[in-house]
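Have the structure open as you read.

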Amino acid sequence: MTTASTASSTPTPALDANWAGFRGLELVRGEGPYVFDTEGRRFLDATSMYGVAALGHAHPALARAVAHQSGRLTSCFASFANDARNELLGRLHTLLDPLDRFFLCNSGTEAVEAALKFARRSTGRAGVVALAGAFHGRTLGSLSATFRSKHRDAFQPLLPGFAHVRAGDTAALERALDADGTGLFLAEIIQGEGGVRPVSGAFLHRAQELCRERGILFAVDEVQTGIGRTGRWFGFRHHGLEPDLVCLAKGLGGGLPIGALAFRAAADAVDLGSHGSTFGGNPLCCAAANSVLETIETEGLVEQTAQAGARLLAHLRQLLANELGTRVRDVRGQGLMIGVELAASGVPVQKRLQDRGFLVLGAGPRVLRLLPPLTTPWEALEELGTALAEEVTR
Ligand code: PLP
């Protein structure tokens, strides 16, 4: 566990100056798909700050909505109704129908925790089946569903009753989904932290079918893939799935902290007072989310993301064609969630790209992950693809 450093040269007091994850930049401003550091250097933010800045940075509509709401009402707990929250609940219902109930919280891990608690209460079973390679968050319940030992080991023992099945292994899935003990199946549609790995639609359909047969809730974690990121409003729409529970966060608030668990009134065996959050559903974050959802709709960003993503994937595949099988293992993804799997560590490439003004993410040791804002113009994406290919082949 890192502790706050007191060194005056430490750029941010929340970090240990020696932490390997620190990138050596102090960012002070953003505009569209770009962020700027203290020296005014500009970087194309192909991280969207972990997929959060769906509209890019300082989008005028989002800035206006937050400013307006901050002058009206920022805090309003769940025992009172609120206009901004009501609007958001209506918007989410329209997007996720027939899911019509929502627990609003402040992060992705809380949305997953809510799914875990919901499944326990409504099925009476505590068992959870997740996938090998999964990332669902870092609080103890979500961490128990998360797969990699890098995230888990320092915090053992985690919750009992969690099993991980390899995506695609239907025989193992059939064994793991135990009709007596399992209450919840939980999966990402494209595993993000796990290496930008799409999970096959056929496998997910089989999981959904088994869940229905055995009275198990079928949940999708759309914290990273949701809100247009993959070129559909939600990743599960690519496969025509009908989840019982959907976890959302990241892009939903466009930079303000909000998460949501969507479920169905008919499946609601849970007394609403049995779970809650002081900040969850606060009017300020709801106003931000309303503005994100409205802007995505009015600017046609879901369709734009589908097209831009397909174009960027083709551009990268063409530029890296000669490296496939040698320095590059795979180029994959959907919409603006793209992974380039290398044969060696991606860290040096990530560093060189930063020196050239492009911020990208890792996803495991050898995968470079691109999550640019949905608003990024094609010219900037093309430059990103070209720079990445140059740095990979250097
Ligand atoms: N689920 C998925 C698929 C994620 O990618 C993440 C974060 O990266 C989480 C859950 C946890 O979200 P948060 O960091 O907001 O708690």
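How much area is buried between domain 1 and domain 2, and what share of it do carbon and sulfur atoms give? About 1700 Å² is buried there, with 60% coming from carbon and sulfur; buried area here is the accessible area (1.4 Å probe) that two parts lose on being put together, summed over both. Val302, Gln334 and Met337 stand out on the domain 1 side: they supply 37% of the area that domain 1 buries against domain 2, more than any other three residues.

A quick word on ground rules. This is a predicted model, where local features need pLDDT of at least 70 and side-chain atom pairs count only at pLDDT 80 or more, while totals for chains, interfaces and linings use all residues. Residues are numbered from 1 along each chain as its sequence is written, and side-chain values use heavy atoms, with hydrogens and water left out.

So where are the two domains? Domain 1 comes in two pieces, 15-45 and 301-392, and domain 2 covers 62-298; these bounds come from an automatic or database domain assignment. Their C-alpha centres sit 26 Å apart. Across the boundary, 22 residues of domain 1 are in contact with 21 residues of domain 2, contact meaning heavy atoms within 4.5 Å.

There is charge pairing across this boundary too: two salt bridges link domain 1 and domain 2, each being a side-chain nitrogen of Lys or Arg within 4 Å of a carboxyl oxygen of Asp or Glu. For Glu341 and Arg197, which form a salt bridge, the closest N and O atoms are 3.7 Å apart. Looking at the side of domain 1 that touches domain 2, you'll find 13 nonpolar, six polar and three charged residues. (Ala, Val, Leu, Ile, Met, Phe, Trp, Tyr, Cys and Pro count as nonpolar, Asp, Glu, Lys and Arg as charged, and the others, Gly among them, as polar.)

Across the whole structure, a search turns up 19 salt bridges.

Now for the ligand. Residues around it, meaning those with a heavy atom within 4 Å, include Ser107, Gly108, Thr109, Phe135, His136 and Gly137. Asp221, Gln224 and Lys250 are also among them. A side-chain N or O atom of Asp221 lies 2.7 Å from a nitrogen atom of the ligand. Gln224 places a polar side-chain atom 2.9 Å from a ligand oxygen, and for Lys250 a side-chain N or O atom is 2.9 Å from an oxygen atom of the ligand.

How values were computed: Polar contact = N/O pair within 3.5 Å; in protein donor to acceptor, adjacent residues only side chain to side chain.
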